[in-house]
Amino acid sequence: METAAEETAEKRTDVAVKGEAAIKPQFLTTKDKFHRFVDSEWQGSKGGENDTADEPKASDEEPEPKKLKLDSDDRNSAGKPDSKRLRGQNKSRPHIKPTTYDEKRLCLSVIQNRECPFGDKCHFHHNVADYLASKPADIGESCYLYETFGKCTYGLACRYAKAHTTPDFKTMEKADVIKAYEGRVVVKNSLSKDLQNRLRKRSVAFKKSADYLKTLANYKDKREQQGNGNACAAEVPADPAGEKQHASTGAELQASPDKQPLVKTVGPLTDADVIKLRSCEKKQVDFTDKLYLAPLTTCGNLPFRRVCKRFGADITCGEMAMCTNLLQGQQSEWALLKRHESEDIFGVQVEGCFPDTMTRCAELINNNTDVDFVDINSGCPIDLVYKKGGGCGLMTRTRKFEQIVKGMNYVLDVPLTVKIRTGVQEKSNIAHKLIPEMKDWGVSMITLHGRSREQRYTKLADWDYITTCAKLASPVPLFGNGDILSYEDAMKARETGVSGIMIARGALIKPWIFTEIKENRHWDISSSERLEVLKDFTNFGLEHWGSDTRGVEKTRTFMLEWLSFMCRYIPVGLLERVPQKINERPPYYMGRNYLESLMASQNVGDWVRISEMLLGPVPKNFNFLPKHKANAYK
């Protein structure tokens, strides 16, 4: 095996492969030999059991990163495949419902030891013996929830039920541990049933938003009265929360809806002036020189953020939430706002394209959640968001963008931040034009991703442009984002004059990057240590999503999504040139032990094997394809 690897390495070192990371020759191998080794060792570790017939549908071969459709619409005028359609997310992946892996569940009334309100009409199990006969085997001997909190709320439905179930099917409790957690709120920002019902009935009052939106309506009427000729010269309504606000606008905002707007006044402060919360009175957050974990769709969930907090992330932010879904009281969308007690500086990111919905959403968040800042997503490149005017689309709709920022600023008691890209088109940067305007609008911090929407990840981030924008943004803090995968990358980024750095893919590939940056070192982390990181994620996932079958499979799915990034990490001890660059593709290599080789595999089936080491065997009908088809190595 070693001889074959050396021969392959010699051939490869003669001709450098463009775009591939430089690995020491003795570790290099070929695709066929790599997979043969991983498969044979895995079968050997299972005691030679032949259960290939029951293996899950996780693709026995590596998934093709790009697949061309044969429709005529997918070809350009020259008849060649249109490369633009190759980018983006894997939209054709199979959608698995949560109920798929747990056909008939144990009724909640049995778990909570109470009478079922549905009686004979209930569709769930009430006979414990029948349920246990069909329930999958327990995964392990120790239940994380029982050991941590003294009680497992999933009772007999828990996949670790043996650890806290008596012979007569009663759930055990640890009174001393339960008492220690009494009155302690571990996870905040949950959606209450009362608020959800009021949102669905549209009975939630948005008083501040109504005040602001009334000024917009008045301004629109004035513009129409002035006519098209003077419309362009008309003044945009000033920021109600800003110090430079126009006196008449301030009076309008505080006026009662049934009264006429007050006339412009000059002189002493009135009650209408001092009632408003000034920007200087808002909660202040020190963003300077902090490490900011980017809001990551799908992978940036609460368990993953907890892992990053352990490694030294200073600022965390929830996944992008759609403002309309929050206003409708959707439970799945509100789950993105949840905050763990370990997240000391935490914000939420919202996406929207209209001033009315974004302002109401900001007021809803302000009144019903505990956050340190609210971030506007003006950098999302996906078509679903961009085509309706949100995400990157806001950068080209400056009037709407301004109204959104000023409206949200008016209703919020916490800082408002904005995340943007360099622009929409690849060779047409517009961020430098927007940043001076955003300073006047009242944003507290700007994050700039050094790529355009069209560019995606095909080229390196433009840190020279970020440097220019950081100077324009001063004194407002500007965070730079793009291509940071080592402490050396972070040091170079700090030299550009940015106030701090945001880390996205770098944290997915190696969450210990925060430790490396703070300790100024390269960490040659072992495969067993990386497995412990995944074990922590597993425990956090079971705590967050549940330890029953549904929770276990949901934890597994999110772990597999994360492993689709984590497999790109190359151990420091194997690199010929340190550090690894984020745009360099890992070649096929043998690790220093079997687990290190397994973790290097980009085969979905091998990721499933890693998940089985922590969460037990997958169900027979299990199916998974990664969400992201990355073209970062092109």
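Which residues does Ile376 touch, not counting residues up to four places away in sequence? In this predicted model, Ile376 touches Val350, Met358, Leu394, Phe401, Ile404, Val405, Met408, Leu416, Thr417, Val418 and Lys419, where contact means heavy atoms within 4.5 Å. Residues are numbered from 1 along each chain as its sequence is written, and side-chain values use heavy atoms, with hydrogens and water left out. Local features need pLDDT of at least 70 and side-chain atom pairs count only at pLDDT 80 or more, whereas totals for chains, interfaces and linings use all residues.

Ile376 lies in strand S7, which spans residues 373–378; helices (H or I, at least four residues) and strands (E, at least two) are DSSP runs, numbered from the N terminus. The relative accessible area of Ile376 is 0%, so the residue is buried; the term buried denotes under 20% relative accessible area, exposed over 50%, and partly exposed the range in between (1.4 Å probe, protein chains only). Ile376 and Ile446 are separated by 70 residues in sequence and by 9.8 Å in space, C-alpha to C-alpha.

On the scale of the chain, the secondary structure amounts to 26 helices and eleven strands. Of the 634 residues, 52% count as buried. Among contacts in the chain with a separation of 6 or more, 70% are between residues 24 or more positions apart.

The largest nonpolar core has 140 residues. A nonpolar core is a set of buried Ala, Val, Leu, Ile, Met, Phe, Trp, Tyr and Cys residues joined through side-chain atoms within 4.5 Å. The members that touch the most other members are Val374, Ile376, Met408, Met438, Leu478 and Leu534. Helix H24 supplies the largest share of this core, eight residues. With neighbours within four places in sequence left aside, Leu534 is in contact with Met559, Trp562, Leu563, Met566, Met599, Ile610 and Leu614.

Helix H23 (residues 527–545) and helix H24 (residues 549–566) have axes that come within 9 Å and cross at roughly 145°. Axes are lines fitted to C-alpha atoms, for helices over the stretch in contact, and angles run from 0 to 180 degrees between N-to-C directions. The crossing of H23 past H24 is right-handed; a crossing is left-handed if the near helix is turned anticlockwise from the far one by less than a right angle, and right-handed if clockwise. On the H23 side, the residues in contact are Arg530, Val533, Leu534, Phe537, Thr538, Gly541, Leu542 and Trp545. Their counterparts in H24 are Gly551, Val552, Lys554, Thr555, Phe558, Met559, Trp562, Leu563 and Met566. The residues of this contact comprise eleven nonpolar, four polar and two charged. In this classification Ala, Val, Leu, Ile, Met, Phe, Trp, Tyr, Cys and Pro count as nonpolar, Asp, Glu, Lys and Arg as charged, and the others, Gly among them, as polar.

The bond from Ser474 to Pro475 is cis, with omega near 10°, and Pro475 is placed in the loop between helix H19 (463–473) and strand S10 (478–481). The bond from Val578 to Pro579 is likewise cis, with omega near 5°; Pro579 is found in the loop between H24 and helix H25 (594–599).

Positive phi values occur in residues other than glycine. Asn113 has phi near 55° and lies in the loop between helix H3 (108–111) and helix H4 (128–134). With a relative accessible area of 65%, Asn113 is exposed. Asp289 has a positive phi of about 55° and belongs to the loop between helix H11 (271–275) and strand S2 (291–293). Asp289 counts as partly exposed, at 46% relative accessibility.

Ala210 is located in helix H8 (residues 207–226) and, at 43% relative accessibility, counts as partly exposed. Ala210 and Arg360 are 150 residues apart in sequence, while their C-alpha atoms are 8.4 Å apart in space.

An unreviewed UniProt entry assigns the annotation "domain: C3H1-type" to residues 101–129 and 142–167. UniProt positions are given in the numbering used here, feature names are shortened, and annotations may be inferred rather than shown by experiment. Over residues 142–167, the chain is 23% helix and 0% strand, with the end C-alpha atoms 17 Å apart.
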